[in-house]
Structure formats: structure tokens, C-alpha cells
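Please open the model in your viewer and keep the sequence panel beside it, so that each selection can be made by residue number. The tour below moves from one selection to the next and says what is found at each stop.

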Amino acid sequence: MVEEGTLLWAPDPEIVRNARITRFMEWLGRSGDYQDMWEWSVESSADFWTSIWDYFEVVGDRGDGPVISGTMPEARWFAGATINYAANALRGNPDRLAVIFRDEAGGRRTYTLGELRDEVGRVRAGLVRLGVGCGDRVAAYVPNIPEALIAFLATASLGAIWSSCSPDFGAPSVTDRFTQIEPKVLIAVDGYRYGGKPYDRSEAVREVAAKLPTLEATVWISVLDYRAAAAASGPGRGAGLGWEELRAESAGLEFEPVPFDHPLWVLYSSGTTGLPKPIVHGHGGIVLEHLKSLSFHQDLGEGDVFLWYTTTGWMMWDYLIGGLLVGATVVLYDGSATHPGTDALWRLTAEEGVTYFGTGAPYLLASMKAGLKPSGLERLRGIGSTGSPLPPEGFAWVYADVKPDVQLGSFSGGTDVCTGFVGAVPLLPIRAGVIPCRCLGASVESFDPAGNSMIGEVGELVVTRPMPSMPVMFWNDPSGDRYRESYFADYSGVWRHGDWIKILPDGGCVIYGRSDSTLNRGGVRMGTSEFYRIVERFEEIADSLVIDTGRLGQEGRLLLYVALADGATLSDALVTRLRTALRTELSPRHVPDEIRTVPGIPRTLSGKKLEIPVRKILLGTPVEQAANPDSIANPEVLRHFAPEPSR
């Protein structure tokens, strides 16, 4: 058991002196500590975001309009400015290494910045031949391969709008997303490989294309067998052509200047319980936010090699490729994190000399449970964790068994803003289970139900001032009603994110999970992350899910579901140990009424546990209505949560 708040790492004077945020503060002429800097960044937000534009010499025309006008949810940034994301991502020394691609079979490709620019110019010209222009949508059904990055940058350079899904998404899940945005072009792979196995997606592509009435062309990328893919396209909607045909002609690279809030891409909410929300971010907001976050919180710049394990269906792909904005080399990896072994990503990190490796908290915990002690990480100086709260034991494992001098940054944010609200910074120490700070420019507070700000108590994570990377809109939401209902229905003019957070007196933060999946036992309210921290440290438990079936005004049953590790059984002794640990470390009220075994815990395609759909199933919603199976990584396990029929 590792106590929350245990000091694990502190920056030495050299790290502080060389940190990119230190240089920025010196450039600003500001003294003081990080807390002073954060307060200035949110209280003088116009000055702060202007300084980001100026410090990084953003490519664009800032215009003479106000930096910010209006208030949330109608706030508008840099009115009159023009910019293009791709122009900022593709500037710099053409000879520097920009992209490393690896797949799980050992395949490797690299691109210098000059080579990347050439490929983007070719694909841009191909899209123009297909009739793509500013404002058109380009949809992509692709894994994390260089062609995805190239197609995105080509799309952005035109002022067209990108949207992607990973090929492990089922066809209905993809059509739920892409039909909302009416794309002109679909770029798709014939299949992908994962866990050592090939998966043919040609039929799924044909099904998706048939349901997109605005589609004028389908571009096939050969991963398995292009000839089979081309044949599978058949007489489907839109002309069919191969990737090589799209990029056939060499062309100069140009960048369409677009307004600051012009749509860059459309991301989506998980869509587990309804139609996914199509979240639109603007060119300017993403450029400024990612320059700030990657430079000052991840401390990335030229000379760094940046890997984040992700798919194109998760916002972390969009964040990863932002490494180009700060001059880092980005590592694209296509494949399983655990094939041929749990150490796959650690070996990749060592082999490519990665300096910053990011992943989901579950991978770090799986590595810990597997007893891994990765080696060859001499160049690694930063590890990022996101997707779910990392418990103190996960922090401690990194420092004990990975690298004692690494900067471990646990971040929490969301697809909604394509960044973190709270995270790490090189100026502050790392303590077990604690996120060191609120990120620059993010006015994060903890609110009670009445809207009062709290310190040292668990409350709703809210953002009280606008951020440039907040959505410019939801697609097909002309009135803005759906956008306002999603974030601003609870507190007037304040963004409610839907997480429980405790902000400590020194500015540190602890995230306790989703506020809509709270455990409430006898009036004691608790986020689920504390529960999982205790249960999942048992070697016999591979994964777990806790559900409180209580309704408003009525206390229900507290049910703990466990997926057992290989060879383990739910013995009476294990049950007793689990109950004792929960009683002593949480409270007697949080001892589950029943502990049940299931073959697996349902998770979204991006790895988040499905607490709310399972609760709906337990309260009587039919399995097929509780969640969209195509948005779930393992939908087959849901039926194991259905109540047994009455006899």
C-alpha cells in the first residue's frame, strides 16, 4: 500500500533551469513560482494567449481584432485572425527527422520533414483533383500509420475538415459518426493487423461507403492486399482509387489561410449510450493549446522523440501529432500494446530512443502486475498517463522499476478540449496519486452543488473561464442547444466536465472518476477510482467494475464485478481479503453486498470502463439498448451483467 501524496521525484536546479516553461517565464520577464504563473494565465487570459502566439512565432496573421470577446459558451477567440494548422506543423528544417513509424511485426519507416512536406503536397494535389476544397469533409477509416498523418495534414492545408475512426470500430459505429458530417471523400484501409492476426475490413468499408450519400470518392490504402480491397469497393458509392494514385503527382505545398475558429477536425464522444457528439475544434485554438501544453507541460521540443500509444479514434492521436508543432519527432505505432508480450511498448521505447512515452493508465498497471522491469531507457525522461486515474501504486512502480529520475505526468482532460485540464510540469515534484497542477490557461475549480469553489474537498471539476481549444461548435447544432446542454446546464456560464476532483491547498489535484458514476453509501459520496485502486492491487484481480444500483432517495446494492487473473479463483479467502481491505481503507459502508466474477470488464474502444451502461442493465434496461456494441472493445461481456430471469 502506497500512501497518497508520497514524494517520489523532485526537480533539481538544472531541470528547473533548462525547462522550457522557465525560458518562457524569463522571456515574459515574470518571476515567482508555478502557482503565480498559473494564476496570471487564467486571470489575464488575453495577455497569456497573446504571449503564446508571439513566443512561438505562430505562422498566421493575428489581425487587429480582440483576443477574446464574449463569455462562455459564446466566447470567441482572435476575431479577424487567419491561420492554418498544417503551415505551423510543417515549418522548420527539412532535414530533421519528423516521423518514425513502427508496427507490431517490426516494420519501420521514417520521414524527414522535407519528405513529409513532399508527401503532404502530393496528397493535397490528389484531394484537389477529387474536388476537395475549403470546408469539405474528409473522413478516414485508418489505423495509426503515416498515411493517416499525411492525409490529415493535406486536408488541413486546404482548409478542409478531417475526421477519423480506427478500423477496429464496427461499420455501424463508423456510420453513426460519418453520416453526421457528410464527407466528400473517404480514405480507408483494406484491413489491419493486431495481436499477430490480420483483420479484413473491406466489407466494412463498402458498408460504410454505401451509407454516405455525399461521398464522391473512396481512397483505398493497402495494408493487407490492395487488389482485394479494390475489388471489394465494387460499384459502391463514389469513385474508387488507390493511395498511390492519389499521391501520384508531385506538387508544391500551399496553405489556405482560414479564420482562427475555422473547423480543423471533428472528434466524437464515445457514443456508448446515444449518437456520438460530433465535437468541432478550430485551427487556431488547437495550435495555441498544443504549443502550450506540449512545450510547457510535457517539456517537448526539437531533439525529442515523442510516442503516445493511441489509435486514430482517440483524441490522443490528435495530441500526439501535435508534436510536429514543437519540432519533436513523433512515433506512430500500429498494433497491440501487448504483442508479442506485455513489454512491447517498453521495447519500442528503448529501440527508438523515445524521450517521452505516453500511454493509458491501464497499460502501466498491467506492466506493474506483470512484474516488468524495463531496460534500455537511457533517453527516456518523461512518461505520460491518461484515460483513467493512475493510483498511487502505479506511480510508485514507475519510480521503483522503470526509472527513478523520470518525470511521470498523470494528465486529465478530454476529447471535448483535446488536451488536459490538469497535469504535470517540470517545475513541480511528483507525489503518488497526485496530479501536480492545473494546466496553464485552464481555470479549473472544484464546485459543490451550489456552485461554491472548494479547496481540499471533492467536488465537480469545472472550468470557469474559456479556453481556445474548447469546441467551436458541435456539427449539425446550429442553435448551439446540444453544446450548451452538454457542458453548461448545471452552472450558468461555467463548464462542467463530469469528473470528481479535489484541489489541494498547494495546487495539486486528485481525480476520482466520473461524477455520474458515483458511489453513494449512507450519504458518503465517493468516486470509483478509489475503489479500483484497492481492488486491482490484488494479484488475483485482472480488472474490476463497481456499480451502485441506488436510485434518488433510495439506497441500492453495491456490486463488485471482478475479472480474475489467469489461474486465479474467487475463493472465500480472497473474498474475505477484499472485503477487509475495502472496509479498513474506505469505510464499512463501501464493502460490496456481493462480489461476482465475469469473463471481462466492458470498456470503450479508448479503454474507459463502462460503468453507466452496466448500471442501466442492472436496473432493467435490455443489454441491446444499454450501449452501442460497436463502440465497445469487448461487447460480448455485457450479457454477463444482465439479471437472471425470474423463475
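What follows is a walk through selected sites of a predicted model.

**Stop one: a charged patch**

Begin by selecting Asp-33, Asp-36, Glu-39 and Glu-43, and show their side chains; together these residues form a negative surface patch. Within this group, turn to Glu-39, which belongs to helix α3, the run of residues 34–43. Glu-39 has a relative accessible area of 30%, and is therefore classed as partly exposed.

**Stop two: aromatic pairs**

Now move to Phe-421 and Trp-495, an aromatic pair with edge-to-face geometry, for which the centres are 6.5 Å apart and the planes make an angle of 65°. Because Phe-421 lies in strand β24 (residues 419–423) and Trp-495 in strand β31 (residues 495–503), the pair ties together parts that are 74 residues apart in sequence. Phe-421 counts as buried at 0% relative accessibility, and Trp-495 is buried too, with a relative accessible area of 0%.

**Stop three: an aromatic cluster**

Select Phe-24, Trp-27, Trp-40, Phe-48, Trp-49, Tyr-55, Phe-56, Trp-77 and Phe-296 together, and display their rings; these residues form one aromatic cluster.

**Stop four: a glycine in strand β31**

Return to strand β31, where Gly-498 is placed. Gly-498 counts as buried, at 1% relative accessibility. If you draw a distance from the C-alpha atom of Gly-498 to that of Met-368, the separation is 29 Å, while the two residues are 130 residues apart along the chain.

**Stop five: two cis peptide bonds**

Pro-73 sits in the loop between β3 (68–69) and β4 (76–77). Then go to His-339 and Pro-340, which are also joined by a cis peptide bond, with omega of about 5°; Pro-340 is found in the loop between β19 (329–334) and α14 (344–351).

**Stop six: positive phi values**

Finally, which backbone angle deserves a look at Phe-78? Phe-78 has a positive phi of about 45°, although this residue is not a glycine. Phe-78 is placed in the loop between β4 and β5 (82–83), and at 2% relative accessibility Phe-78 counts as buried. For a second case, select Asp-299, another residue that is not a glycine and has a positive phi, here of about 60°. Asp-299 lies in the loop between α12 (283–297) and β18 (305–308). With a relative accessible area of 9%, Asp-299 is buried, because the cut-off for that class is under 20%.

Key. Residues numbered from 1 in each chain as written. Predicted model: local features only at pLDDT ≥ 70, side-chain atom pairs only at ≥ 80, totals over all residues. Heavy atoms only, no water. Patch = residues over 30% accessible without salt bridge, like charges linked within 9 Å, V, L, I, M, F, W, Y side chains within 5 Å. Areas by Shrake-Rupley, 256 points an atom, 1.4 Å probe, with all protein chains shown as cover. Salt bridge = Lys/Arg side-chain N within 4 Å of Asp/Glu carboxyl O. Lys, Arg positive; Asp, Glu negative; His and termini not counted. Charge placed at Lys NZ, Arg CZ, Asp CG, Glu CD. Helix = DSSP H or I, 4+ residues; strand = E, 2+ residues; numbered from the N terminus. Buried < 20%, exposed > 50% of the residue type's maximum accessible area, 1.4 Å probe, protein only. Phe/Tyr/Trp six-rings, centres within 6.5 Å; stacked < 30°, edge-to-face > 60°.
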